[in-house]
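I opened the notebook to go through one model and jot down what I looked up.

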Amino acid sequence: MGGRDLFGYVGIEAVLDQMRRKTMKAGFEFNIMVVGQSGLGKSTLVNTLFKSKVSRKSCTPSYEEKISRTVHLKSVSHIIEEKGVKMRLTVIDTPGFGDQINNENCWDPIVKYINEQYEKYLTEELHITRKRRIPDTRVHCCVYFLPATGHRLRPIDVEFMKRLGKIVSIVPVIAKADTLTMDERLDFKQRIRQDLQASGIRVYPQKEYDEDVEDRIRNDKIRENIPFAVVGTDKEHQVNGNKVLGRKTKWGIIEVENVAHCEFANLRDLLVRSHLQDLKDVTHYIHYETYRVRRLNESNASVSGLSALPLENGITEKYEAQSQL
Amino acid sequence: MTDTIILYIQNARPLSLSGHVGFDSLPDQLVNKSTSQGFCFNILCIGETGIGKSTLMDTLFNTNFENFESSHFEPRVKLRAQTYDLQESNVRLKLTIVNTVGFGDQMNKQESYQHVVDYIDTQFESYLQEELKIKRSLHNYHDSRIHACLYFIAPSGHSLKSLDLVTMKKLDSKVNIIPVIAKADTISKSELHKFKIKIMSELVSNGVQIYQFPTDDETVSKINTAMNGHLPFAVVGSTEEVKIGNKMVKARQYPWGVVQVENENHCDFVKLREMLICVNMEDLREQTHTRHYELYRRCKLEEMGFRDTDPESKPVSLQETYEAKRQEFLQELQRREEEMRQTFVQRVKEKEAELKEAERELQGKFEQLKRLHMEEKSKLDEKRKSLEDEMSSFSKKKAAAELLQGQAFTANSNLKKDKDRKK
């Protein structure tokens with residue numbers, strides 16, 4: 001094997017176009033989960049992110065209706081298209097998270113949902129007759145909304161992110177960041193970063209999964225800035241003759257897409273414009289594989305105690321033995 | 001693939017965007033990722049020795065692959081695979097070319113196609129093994145499955161050989177077959193046209209499914225449909241350059257003229273390069289993975305006894321089947337062990353019986369000998385007794401005789417004494 005120089009044009013680079021065409025025809029899937037207490041602006045943010053009415057804002061329950069006892073998960077799918085690229089966007093909302101008086105184990109329904117999606121994918125992958133394209137309902141990204149207290153991470157934040165950081169890519173954001181001044185914002189972010197490191201929580205983009213130097217440089221810049229302080233809105237106002245998305249207050253207009261005002265544009269670039277495929281890849285190659293290893297080892301060990309050691313490559317060994325029988 | 005999208009659309013509402021979101025960069029993100037990883041493409045060339053496989057590969061990829069001529073005396077068909085790293089602008093391609101060595105050279109060609117089929121199956125098998133592993137690394141796996149198979153047809157001008165038909169029939173469900181007519185400069189244009197028609201009709205009437213260039217994508221459907229009509233491509237390969245006009249072109253120089261490789265009037269080389277590399281490389285890879293590999297996987301797993309639904313048509317998970325099979329296997333092992341133990345015990349018993357029998361025999365012999373010995377002994381005793389009797393009677397007689405003699409002597413001496421006294 002060796003590298004070879006080409007004497008003239010062959011046409012290998014045309015494969016990039018072929019790939020582009022094929023993927024555009026096939027379309028993309030993206031599943032994003034938003035987690036946070038009610039009233040933090042999750043639905044508004046998602047609508048601003050995808051510039052359409054993706055989620056309906058949950059109306060505040062009147063005092064007669066009870067706040068739900070458990071965390072429900074609501075998943076809504078939409079097809080959006082831009083310049084010929086079709087995307088099936090699924091937003092999974094978690095109303096009721098962190099709203100109860102006793103919030104212990106409020107992450108359980110979420111962990112269960114994420115694992116269920118992995119299980120669905122695994123079952124389909126193990127089928128004898130598989131579909132041409134396995135429908136991907138796995139959660140690619142989980143946006144966690146931190147209230148802008150200005151202090152530190154709360155216990156519920158730490159507990160949630162610790163558990164979920166192991167099975168899904170978490171992107172923490174500071175919600176309703178227009179209540180913090182620039183200095184307060186910087187301090188808050190620094191303290192959050194310290195807390196995250198102290199608790200051993202790994203958020204996206206994870207340091208271990210950087211593939212090469214370029215990636216690391218790019219991701220380091222992002223890591224210095226998380227969590228992003230965002231403001232969401234779907235209303236437009238006139239500023240300097242342009243129509244911009246913004247929140248109008250008596251003391252000024254907060255422009256959502258202005259990087260001097262808030263970091264919404266950074267979040268959008270991260271999630272949609274530059275790292276969407278990477279999020280999907282990390283989910284598929286790392287989180288899903290981890291789940292698969294765990295699951296297949298579990299079923300090996302649960303077979304009757306005739307096998308003292310769990311086989312590392314259970315199916316292959318069995319398969320070899322079978323072929324020798 | 002279109003039907004999956006339709007299904008999706010049925011389950012989800014379409015939504016209109018009120019501004020530019022930016023996910024139209026998604027295909028670019030995907031492409032960039034693949035570029036940094038590099039692409040992988042594996043071609044299998046099947047054809048007789050000397051038909052021009054290596055030359056065509058050199059010409060196709062514009063490089064010198066350092067191949068040497070093979071002998072015609074190979075006892076059986078072998079496959080030789082070589083991997084090369086090519087790079088064009090920013091696209092890296094890991095190209096593997098597999099050549100058959102000795103194909104069609106043997107006297108008895110009945111087994112020729114089997115070696116090729118086995119090679120292809122081995123590649124599928126190693127991919128399947130990797131996919132079934134618990135700790136797998138599909139991301140970094142070097143895919144060695146054959147994506148395209150170029151079948152070189154000898155330019156006889158008449159029809160396909162029976163070896164060609166048999167081989168292609170065996171391979172059409174395992175790999176994408178693209179038949180090419182090699183050394184096409186030996187056939188004239190009109191003969192070529194008839195030859196192509198004959199070949200295609202023979203393939204159709206024998207039910208051989210060769211690779212059809214895909215026509216469902218509007219961007220390429222026109223060119224692909226046109227090319228589908230030109231199959232099989234009549235190619236000429238050459239790495240030597242000849243000056244035509246004021247350019248150097250790849251060509252073969254004859255006393256009667258120059259055959260230019262890249263001239264579409266002379267041969268179909270440019271068409272082959274277009275179709276194989278520029279337009280359909282990705283589709284070839286996809287077909288290999290989604291059609292041929294899935295078929296192999298399905299057959300293999302069904303052979304092992306795995307099913308998606310059990311006899312009552314309820315879905316059965318692979319896990320359960322696997323565990324059931326494993327139980328079966330362990331039980332089988334136990335049964336075998338038991339059997340072996342039984343056989344062992346049986347054998348031991350038999351041996352013991354044999355030994356006992358031998359012992360008894362020996363005992364019998366011993367008794368007999370002892371008896372004989374006793375008899376002999378008693379006989380001897382008798383003899384000795386009689387001898388002793390004789391001896392004692394003899395000594396008695398001797399004593400009696402001596403006594404008599406003594407008596408007679410004393411009588412004599414008495415007589416003498418008497419005589420003396422008388423005097």
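My entries follow, and I keep in mind that this is a predicted model.

**Cores.** I started with the largest nonpolar core, which has 92 residues, and looked for the members that touch the most others: they are B:Phe61 and B:Leu276. Helix 4 of chain B is the top contributor to this core, giving 9 residues. There is also a second, separate core of 83 residues. Among its members I noted A:Ile156, A:Phe188 and A:Leu196 from chain A, plus B:Phe23 from chain B.

**Helix 4 of chain B.** I stayed with this helix, residues 112-132, and picked out B:Asp121 in it. Is B:Asp121 buried or exposed? Its relative accessibility is 19%, and the cut-off for buried is under 20%, so B:Asp121 counts as buried. Its side chain has a polar contact of 3.0 Å with that of B:Lys174. Setting aside neighbours within four places in sequence, I found B:Asp121 in contact with B:Lys174 and B:Tyr296.

Next I checked B:Lys133 and B:Glu130, whose side chains form a salt bridge at 3.1 Å, N to O. B:Lys133 is partly exposed at 27%, while B:Glu130 is buried at 9%.

Then I looked up B:Asp185 and B:Arg252, a salt bridge with the closest N and O atoms 3.3 Å apart. These two are 67 residues apart and link distant parts of the chain: B:Asp185 is in the loop between strand 6 and helix 6 of chain B, B:Arg252 in strand 9. B:Asp185 is partly exposed at 24%, and B:Arg252 is partly exposed at 35%.

**Helix 10 of chain B.** I ended on this helix, residues 318-422, which holds B:Phe344. B:Phe344 is exposed, with 57% relative accessible area. Together with B:Val345 and B:Val348, B:Phe344 forms a nonpolar surface patch of about 260 Å² accessible area.

B:Asp418 lies in helix 10 too, and it is partly exposed at 36%. How far apart in space are B:Asp418 and B:Met374? I read 64 Å, C-alpha to C-alpha, for a separation of 44 residues in sequence.

Key: Residues numbered from 1 in each chain as written. Chains lettered and ligands numbered in written order. Predicted model: local features only at pLDDT ≥ 70, side-chain atom pairs only at ≥ 80, totals over all residues. Heavy atoms only, no water. Patch = residues over 30% accessible without salt bridge, like charges linked within 9 Å, V, L, I, M, F, W, Y side chains within 5 Å. Areas by Shrake-Rupley, 256 points an atom, 1.4 Å probe, with all protein chains shown as cover. Salt bridge = Lys/Arg side-chain N within 4 Å of Asp/Glu carboxyl O. Helix = DSSP H or I, 4+ residues; strand = E, 2+ residues; numbered from the N terminus. Buried < 20%, exposed > 50% of the residue type's maximum accessible area, 1.4 Å probe, protein only. Polar contact = N/O pair within 3.5 Å; in protein donor to acceptor, adjacent residues only side chain to side chain. Contact = heavy atoms within 4.5 Å. Core = buried A, V, L, I, M, F, W, Y, C linked by side-chain atoms within 4.5 Å.
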